[in-house]
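Visitor: I am about to look at a structure for the first time, and I would like to go through it slowly. Could you take my questions one by one and show how each answer is reached?

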Amino acid sequence: QVQLVESGGGLVQPGGSLRLSCTASGFTFSSYVMRWYRQTPGKARELVAGNTATGGRTYYRNCVMGRCTISRDNAKNTVYLQMNSLRPEDTAVYYCNAVMTETSQGSDGYWGQGTQVTVSS
């Protein structure tokens with residue numbers, strides 16, 4: 001049974017940091033491209049960052065490198081998203097996604113249940 005379990009979300013003040021984690025099971029994690037998406041009410045889910053199977057290439061959308069860093073530990077079947085200098089507009093539900101190739105659509109892969117990130121004073 002495939003599972004992606006996110007954790008690490010919560011309430012943080014503007015300017016603060018969070019590290020999200022997503023631990024996978026039920027498939028060969030090291031063979032999958034891992035991505036983080038986020039979604040706010042009434043809006044489409046949007047890509048935040050992605051990481052190739054070996055971790056050799058990363059890419060970012062909607063969160064510039066330096067403010068967001070994606071990384072993975074294939075030995076632990078876990079992908080991380082470190083977010084710094086958080087802003088209220090970063091408030092969203094963050095989802096972990098696993099796909100087979102870099103050109104795969106997110107809908108073709110596996111999703112976690114999401115973790116809420118709220119940036120507010």
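Predicted model: local features only at pLDDT ≥ 70, side-chain atom pairs only at ≥ 80, totals over all residues.

Visitor: Which residue is joined to Cys22 by a disulfide?

Guide: For two cysteines to count as a disulfide, their sulfur atoms must lie within 2.5 Å. In this pair the distance from S to S is 2.1 Å, and the partner of Cys22 is Cys96.

Visitor: How many residues apart are Cys22 and Cys96?

Guide: The disulfide joins Cys22 to Cys96. Cys22 belongs to strand β3, which covers residues 18-25, while Cys96 belongs to strand β9, which covers residues 92-99. The pair therefore links distant parts of the chain, and the separation is 74 residues.

Visitor: What is the handedness of the disulfide of Cys63 and Cys68?

Guide: Here the sulfur atoms of Cys63 and Cys68 are joined at 1.8 Å. The torsion about their S-S bond is about 80 degrees, so this disulfide is right-handed.

Visitor: Is Cys63 buried or exposed?

Guide: A residue counts as buried when its relative accessible area is under 20%. Cys68, its disulfide partner, counts as buried at 1% relative accessibility. Cys63 has a relative accessibility of 5%, so Cys63 also counts as buried.

Visitor: What is the pairing of the bonded cysteines when they are numbered in sequence order?

Guide: The structure holds two disulfides, one joining Cys22 to Cys96 and one joining Cys63 to Cys68. Numbering the bonded cysteines along the chain in sequence order gives the pairing 1-4, 2-3.

Visitor: Which side chain makes a polar contact with the side chain of Thr78?

Guide: Thr78 lies in strand β8, which covers residues 78-83, and it counts as buried because its relative accessibility is 6%. Leaving out residues up to four places away in sequence, Thr78 touches several others, including Ser21, Cys22, Thr23 and Phe29. A polar atom of the Thr78 side chain also lies 2.8 Å from the backbone oxygen of Lys76. The polar contact between side chains, at 3.1 Å, is with Thr23.

Visitor: Which residue meets Glu102 in a salt bridge?

Guide: Glu102 is found in the loop between β9 and β10, and apart from its neighbours within four places in sequence it is in contact with Val33, Arg35, Thr52, Arg57 and Tyr59. Side chains of opposite charge can pair when their charged atoms come close. For Glu102, the N to O distance in the salt bridge is 2.3 Å, and the partner is Arg57.

Visitor: Is Arg57 buried, partly exposed or exposed?

Guide: Partly exposed is the class between buried, under 20%, and exposed, over 50%. Glu102 falls in that class with a relative accessible area of 38%. Arg57 has a relative accessible area of 42%, so Arg57 is partly exposed.

Visitor: How many residues apart in sequence are the parts tied together by Asp90 and Arg38?

Guide: The side chains of Asp90 and Arg38 meet in a salt bridge of 3.1 Å, N to O. Asp90 lies in the loop between β8 and β9, and Arg38 lies in strand β4, so the pair ties together parts whose separation in sequence is 52 residues.

Conventions
Residues numbered from 1 in each chain as written. Heavy atoms only, no water. Helix = DSSP H or I, 4+ residues; strand = E, 2+ residues; numbered from the N terminus. Buried < 20%, exposed > 50% of the residue type's maximum accessible area, 1.4 Å probe, protein only. Contact = heavy atoms within 4.5 Å. Polar contact = N/O pair within 3.5 Å; in protein donor to acceptor, adjacent residues only side chain to side chain. Salt bridge = Lys/Arg side-chain N within 4 Å of Asp/Glu carboxyl O.
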